[in-house]
Each structure stands twice: as C-alpha cells, then as structure tokens.
Amino acid sequence: MADYDYDVLVIGAGPGGYVAAIRAAQLGLKTACAEGRETLGGTCLNVGCIPSKALLHASEFYEAAAGGAMAAMGIKVKPELDLPTMQGQRKDAVKGLTGGIEFLFKKNKVDWLKGYAQFTSADTVEVAGKEVRAKNIIIATGSSVTPLPGVEVDNDKQIIVDSTGALELAKVPGHMVVIGGGVIGLELGSVWRRLGAKVTCVEFLDQILPGMDGDVRKEANRIFKKQGVEFKLKTKVTKAEVKGKKAVLTLEPAAGGDAETLEADVVLVSIGRRPNTDGLGLDKAGLTVNQRGQIETDHDFRTSVPGIWAIGDVVPGPMLAHKAEDEGIACAENIAGQTGIVNHDVIPSVVYTMPEIAGVGLTEEQAKERGEVKVGKFPMMANSRAKTNHEPDGFVKVIADAKTDRVLGVWCIASVAGTMIAQAAQAMEFGATSEDIAYTCHAHPTHSEAIKEAAMAVTGKPIHI
C-alpha cells in the first residue's frame, strides 16, 4: 500500500463523486476527490438542480401573489418583483450547500485535490501539475450541455443562453424561446413565464417530455398551454442569429418544408446533456467510450480496466443526480469488499414545474410491450386536499402486471408529485402489488391518497370517483 497515495481517488465532486468519496472514507479507505471548480457539488449544486429550484420556488410565490391564487383564498397583495434579491437568495442557497459539502469532506477526512484530473496511466492521474497514484479511481465527471449546430451559446450576452445562463438573467425577457421540450427547458421556461415573459417552446418531436408516459406527456402539454406556454412541436431550429439585442431563429418542420423565422429576447438552448469524458486522457488509462461518449461498466461499476470504476452521467442510464448518488454509494461499498447494488429499474424522475410531474418504472407503452397490464388512474381534482388547495390539475396512474398484479410503473402530475413518487419507488423496490398499495392506510387529507385510489382503480374500485 505504500506505493499508493490513496486507496480511492474520485474524479469529480458532483453528487455522484462527492457521495462516493464520503462513503469510501466512511468505510475506512484513504480517499481524495479531484475537482477543478472553485466550489464542490458539481453541476447539480452550482448551476443545476439546486439553483433552479430556488428560482422555481420563488417564482411560484410571485405568480400566486400576482396571478390571483392568493386572492382566491382571501389574501390580497400587489407583488413587486425584486429580481436582484430573488437571484441573491438563489446564490445564498448554492453557497450554503456547496459549503456544506466542503464541511463534510473535512469531517470525513476526504482530501480535496483542487484541479482537474487527467490520466497519465491506469492508476495515476495528474492534478494541478502533480501526479497522484491511487489503488482505485472512480470517474464521476458528470455531463455538460449538448450544443445545437447552427446555434452559438454566449451566456455573457444573455441573448442565446444554456441552462447556466438562463439562471443568471439580469432582467425578465419579453419573449423567451426554449429550444427543447425536455425537463430542463420546461423548468427554466416556467420560471421566466411566471415572472412575466412570453414563452415559446420549440420541440423536434411530436410531443414534449420524451421518455415519459404517453398520458403524462399529453396532460403536461395541456396544462402548460393553459398556463400560457406556446408550443411548436415537430419543429427544428436550423439557425440562430443575434441582431442587436434580439435573436432571430430560423425554424423548419422536422419532416422538411418551408422555413420561418421567430424573434426572441432570450433563447434557451436545452436539447440535452452529454458525458464529460473528453480531456480525461482515457486512452492513457486504456479506456474507450461507446458511441454516445459513455464509459461502459459492469453491474458493480467496474470498467474494462482493473482498478478504474465509473458512475453517474458518464455511464449509461438516466442523467439524474440521485442515480449518481446511489451509484456512488454502491461503488464505494464494492471497492471496500461489500455488496453495493443499484436497482436501475426503480429510478424516479421528476419535473419540478407547477404542478410537478414524476414517474418511476415503466411507462404504459413500455409495459404493454412486455405483456398484458392493468392500469388504474385517479384525477387530482377528485382528491380532497388538492381540490381544497386549488390544485385540480393532474392525475396518478398505476400500471400493474395483469397476471401477478405487481406494480410496474407509477406516474403522477400533482403539486407535490416529486415527494409522492418516493412511496411508489419504495413499494416497487419491495415488489409490491397494486393491492398492497390499495390496502395501505394513507393519511387524510393528503395528496398521496391519490396513489392509494389509483392503485384501487387497477382492480376497478376507487372510492372517490
């Protein structure tokens, strides 16, 4: 062991990386984490999940005050938008949480190597001009924004921006065009719509939220339209030019046809993310990537090179912080000789719009491809808490195997869908049937009763509809 500087070296301090480092240290392994950002936490804490939620939450309060929801409950106010303060509380949230990770590193005796790591051999990396050798190296470098050909992002100008730039806007745009109808575009588009922007979403496919359940995609489209978002589906952006302080987009039908132009104050490019595997010197470690730029691993997160492991957005699977965290824990436990497992069939996904959209397991379309299913649905307008709170939009859908009644997937649209989905994920982890959920007592009045009723609907017996 004297030959190695560390038992475990983690490259990247995003959710997967920092969790892997802390867990490895907890298990008694001498651990370091290489991260070149000025703060820990990766994309998620710095420019992703956390700051976007700060703006989503604040903008929801603003719209409730400005849009009449508060007035309907007998609270009359005339809100005034103080965007610098709203942005300030976003930065405070980021500062507190990234600082918290630094504290946890110190508490668990994880060395933070300040710099970006590059392989020089299979067990050695260079960080800030210094070579570091480790018995085990975990690649957890995350992902970055996928560029769109013909559209050049320049966040500093605040006209054509990516998700990072959309967080930093100094004023509310008159018209924002979101390129891409996925999670990030819809979340950030909803922030600026609530604060007063006109929002148009351009999506190449025939429906928003690719990969989600078909009923959820249709209902989400209907809800967002009702909220004022305009959609241009089956449409591609071929060019974007900055003219003065505006952007002019050239659009074409996805199937081909006549071009049209669309003017915007701000364009948000949000067509997905790609793995951060360039610049790591993977060839010097003996590693290659697949056609998507991902590092392939086995079930235990081992790569093809002994002693090198990979987790999170750089490996196949959904690019989600919680998936990376679970993989980080499992990977560290496997290195320590324990049994670390992640059930990739039960990874919840959430869109933090209002209402929230969440799902876990198979969509109805995927489940039907595998065999016969039974489906139960229950509308939120029939849920007493949602109705009382003036939150009638959405539903819960439970998909179960027709023969065994085992739950294959749960999808919901509700104000607290992201919290509700945890129950479904845990039930599925234990192999629950729809009957198991239906006969579990749920507190009243709560939004989660809709999950119980949807489970009851699988066998055709909900109470409140």
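This is a predicted model: local features need pLDDT of at least 70, side-chain atom pairs count only at pLDDT 80 or more; totals for chains, interfaces and linings use all residues.

Colleague: Okay, how many salt bridges does a search of the whole structure find?

Modeller: Side chains of opposite charge can pair when their charged atoms come close. We call it a salt bridge when a side-chain nitrogen of Lys or Arg is within 4 Å of a carboxyl oxygen of Asp or Glu. The search turns up 20 of them. One of these joins arginine 23 to glutamate 333, with the closest N and O atoms 3.1 Å apart. Arginine 23 sits in helix H1 (residues 15-26) and glutamate 333 in helix H10 (residues 321-335), 310 residues apart, so the pair links distant parts of the chain. Helices here are DSSP runs (H or I, at least four residues), strands are too (E, at least two), and both are numbered from the N terminus.

Colleague: Is arginine 23 buried or partly exposed?

Modeller: Arginine 23 is partly exposed, at 21% relative accessibility, while glutamate 333 is buried, at 15%.

Colleague: Which residue does arginine 193 pair with?

Modeller: Its partner is glutamate 63, the closest N and O atoms being 2.9 Å apart. That pair also links distant parts of the chain: arginine 193 is in helix H7 (residues 183-194), glutamate 63 in helix H3 (residues 49-66), 130 residues apart. Arginine 193 is buried at 11%, and glutamate 63 is partly exposed at 27%.

Colleague: What about arginine 90 and glutamate 168?

Modeller: Their side chains meet in a salt bridge, 3.2 Å from N to O. Arginine 90 is in helix H5 (residues 83-107) and glutamate 168 in the loop between helix H6 (163-167) and strand S9 (175-179), so the bridge ties together parts 78 residues apart in sequence. Arginine 90 is buried at 3%; glutamate 168 is partly exposed at 37%.

Colleague: Which residues do salt bridges with shared partners join into one network?

Modeller: Asp213, Asp215, Glu364, Lys368, Lys377 and Lys397.

Notes
Residues are numbered from 1 along each chain as its sequence is written. Side-chain values use heavy atoms; hydrogens and water are left out. Buried means under 20% relative accessible area, exposed over 50%, partly exposed in between (1.4 Å probe, protein chains only).
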